[in-house]
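Thanks for coming. I will walk through one structure this morning, starting with how its chains meet and then moving into one of them.

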Amino acid sequence: MADEYVFGDVIPFGMAMILCGALTVSFCWGLSILVASRGRIRTWIRNPALGEARLTELLPPYREDWTRGLRFMSWWSRLLLPVMLCLPGGLVGFLFGLDRRMTLLDALFYAALMSVPFGFLLFILRHQPNEADEASS
Amino acid sequence: MTFPERLLIGYSALATASFVWAAQRVGRSKSVRSAVEGLPVSMTPLWAVVVWMAHAAGGLLLALQVAGIGMAALAGLWLLRFGVAHDSLPQDVVPESALREDKAPLQTFGAWRLLFLGIMFVLVIVWITLALRG
């Protein structure tokens, strides 16, 4: 059944299901990012990481980033949230990739898929607000 | 329409419905805790269609095993709520843990209990699989 072409000989069924599983995994990653961003973001008069307060300096307000929601979760919740969410999509991709020979294109596709969390991590590290404020002060 | 096409359309429809439901519930919630609490219910249609896919791919035993994994995953999603603080909203100026003597974080679930529950889940699934194999 996995080699059967569907929707007017466009794509084999197994490959379509693997694509569906990959889409599910990426959507679940987005969902876990959305959950983590639900913690309210606060705005402070001054960045507390700058150390001792000087009354003469005038700084723009310090705004916390959207990763603050992760601080309310214990370490195993942070660990399990994306795993538990991405499990169904990964399972579907695994099941329909079992009786299918892996090609170079598949390997590249899986590598790109695995790099999504790392890209997310890079995005978080890059998207820290107030960096310009710290540099100018 | 052939059977694989029906499978594909059913999977896409139920997965999309599940994601829309989950995104609505998460987007409506005001704290991390309530966002996490909405996840297991809205992930149920997705797991149902994954079990259907497993039945189409490998028969009844595989569907039962995937259903066991799905129930374990949904239970894990439900357990996540015990790891998120109740007051996952703006903190006070002086956090409550600074006023208490033991300095332990409030309202979280110990990791050793989670490990115990996970080991029990794995044992039950292995037991069911061995019993079905005979």
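Contact, as I use the word here, means heavy atoms within 4.5 Å. By that rule the contact takes 38 residues from chain A and 50 residues from chain B.

Before going on, some notes on the source. This is a predicted model, in which local features need pLDDT of at least 70 and side-chain atom pairs count only at pLDDT 80 or more, while totals for chains, interfaces and linings use all residues. Residues are numbered from 1 along each chain as its sequence is written, chains are lettered from A and ligands numbered from 1 in the order in which they are written, and side-chain values use heavy atoms, with hydrogens and water left out.

Back to the interface. The size of an interface is often given as the accessible area lost when the parts come together. Buried area is that loss, taken with a 1.4 Å probe and summed over both parts. Chain A and chain B bury about 3700 Å² between them, and 81% of that is on carbon and sulfur atoms. On the chain A side, Arg38(A), Phe72(A) and Trp76(A) supply 19% of the area that chain A buries against chain B, more than any other three residues.

Which elements of chain A give two or more residues to the side that touches chain B? They are α1 (13-36) and α2 (75-97) of chain A. The largest share, 13 residues, comes from α2(A). Helices here are DSSP runs of H or I with at least four residues, strands are runs of E with at least two, and both are numbered from the N terminus.

A salt bridge is a side-chain nitrogen of Lys or Arg within 4 Å of a carboxyl oxygen of Asp or Glu. Across the interface of chain A and chain B the rule finds zero of them. A polar contact is a pair of N or O atoms within 3.5 Å; within protein, one must be able to donate a hydrogen and the other to accept it, and residues adjacent in sequence count only if both atoms are side-chain atoms. Five residue pairs are in polar contact across this interface, both residues being at pLDDT 80 or more.

Next, chain B by itself. Its secondary structure comes to six helices and zero strands. I will call a residue buried under 20% relative accessible area, exposed over 50%, and partly exposed in between, with a 1.4 Å probe and protein chains only. Of the 134 residues of chain B, 36% count as buried. Among its contacts between residues at least 6 apart in sequence, 68% join residues at least 24 apart.

One buried residue is Ser18(B), at 0% relative accessibility. Ser18(B) is found in helix α1 (residues 3-28) of chain B. Leaving aside neighbours within four places in sequence, Ser18(B) is in contact with Ser42(B), Met43(B), Pro45(B) and Leu46(B).

How many salt bridges does a search of the whole structure find over all chains? The count is two. Glu37(B) forms one with Arg33(B), where the closest N and O atoms are 3.4 Å apart. Both lie in helix α2 (residues 32-37) of chain B, four residues apart, about one turn of the helix. Arg33(B) is buried, at 7%, whereas Glu37(B) is partly exposed, at 32%.

Glu37(B) also meets Arg81(B) in a salt bridge, at 2.9 Å from N to O. Glu37(B) lies in helix α2 and Arg81(B) in the loop between α4 and α5 of chain B, so the pair ties together parts that are 44 residues apart in sequence. Arg81(B) is partly exposed, at 21%.

Val84(B) is buried, with a relative accessible area of 0%. From Val84(B) to Glu37(B) the C-alpha atoms are 9.7 Å apart, for 47 residues of sequence.

Last, the surface of chain B. Accessible areas come from the Shrake-Rupley method with a 1.4 Å probe, and for residues only the protein chains shown count as cover. The accessible surface of chain B comes to about 7700 Å², with 69% belonging to carbon and sulfur atoms.

Definitions and conventions: Buried area is the accessible area (1.4 Å probe) that two parts lose on being put together, summed over both.
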